[in-house]
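Hello,

Here is the structure I promised to pass on to you. Please open it first, and then read my notes alongside it.

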Amino acid sequence: MVKIEVVDVEKPEGVECIIGQGNFSIFTVDDLARALLTTVPGIKFGIAMNEAKPQLTRYTGNDKELEELAAKNALKIGAGHVFVILMREAFPINVLNTVKNHPAVAMVYGASENPMQVIVAETELGRSVLGIVDGKAAIRIETDEQKKERRELVEKIGYTID
């Protein structure tokens, strides 16, 4: 028997969130914290990771509020070896390669500032993340004017496509 649950990620507006899965959480939570600190100067973050044995949520960071929220969210998700990173003063694009390249990280489910939900399956053995809902569904295709505005913005911040 499998039970499916939707877990709302609790975070203040403007806080970025990365949710992933790894292994050997006894050191991975601290390793990822060090990696975040050395990737983006001035980053503020909390990170938590569920350890399958002894069934603890381990946490650390340099911002008490984000540490506590990351731990609370990881515990609500409840799946073994899942980690939650909450951060300010950085964007996921600044740290994703660093996080994904850590030897103990198996995958990243999602990374966003949008409201997020985690789809969790529960069996007799435990819980597993099936996926992430990242913000609201698209309801229309951008207009030519919206495309022009998007391109002007990305060029302003240093990205060009043509």
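Below is what turned up, going from the sheet to the helices and then to a few single residues.

A word on the ground rules: this is a predicted model, in which local features need pLDDT of at least 70 and side-chain atom pairs count only at pLDDT 80 or more, while totals for chains, interfaces and linings use all residues. Residues are numbered from 1 along each chain as its sequence is written, and side-chain values use heavy atoms, with hydrogens and water left out.

Let's start with the sheet. Five strands form an open sheet in the order S4-S3-S5-S2-S6, with antiparallel pairing. (Strands are DSSP runs of E with at least two residues, helices are runs of H or I with at least four, and both are numbered from the N terminus; two strands pair if DSSP finds at least two bridges between them.) At the edges sit S4 (56–61) and S6 (105–112), each of which pairs on one side only. From one strand to the next, the twist averages 15 degrees. Within the sheet, S2 (residues 16–22) and S5 (residues 82–88) are joined by six bridges in the antiparallel sense, and Gln21 stands opposite Val82 in S5.

Helix H1 (residues 25–39) lies across S3 (44–51), S4, S5 and S6, and runs at about 165 degrees to S3. Here contact means heavy atoms within 4.5 Å; axes are lines fitted to C-alpha atoms, for helices over the stretch in contact, and angles run from 0 to 180 degrees between N-to-C directions.

Next comes helix H2 (residues 64–77). Among the buried residues of H2 are Leu66, Leu69 and Ile77, where buried means under 20% relative accessible area, exposed over 50% and partly exposed in between (1.4 Å probe, protein chains only). Just after H2, Gly78 takes a positive phi of about 75 degrees.

How many aromatic pairs does a search of the whole structure find? The search finds one. The ring centres of Phe24 and Phe27 are 4.8 Å apart and their planes are at 70 degrees, so the pair is edge-to-face. (Rings of Phe, Tyr and Trp, the last by its six-membered ring, pair if their centres lie within 6.5 Å; planes under 30 degrees apart count as stacked, over 60 as edge-to-face and the rest as tilted.) Phe27 is partly exposed, at 32% relative accessible area.

Happy reading!
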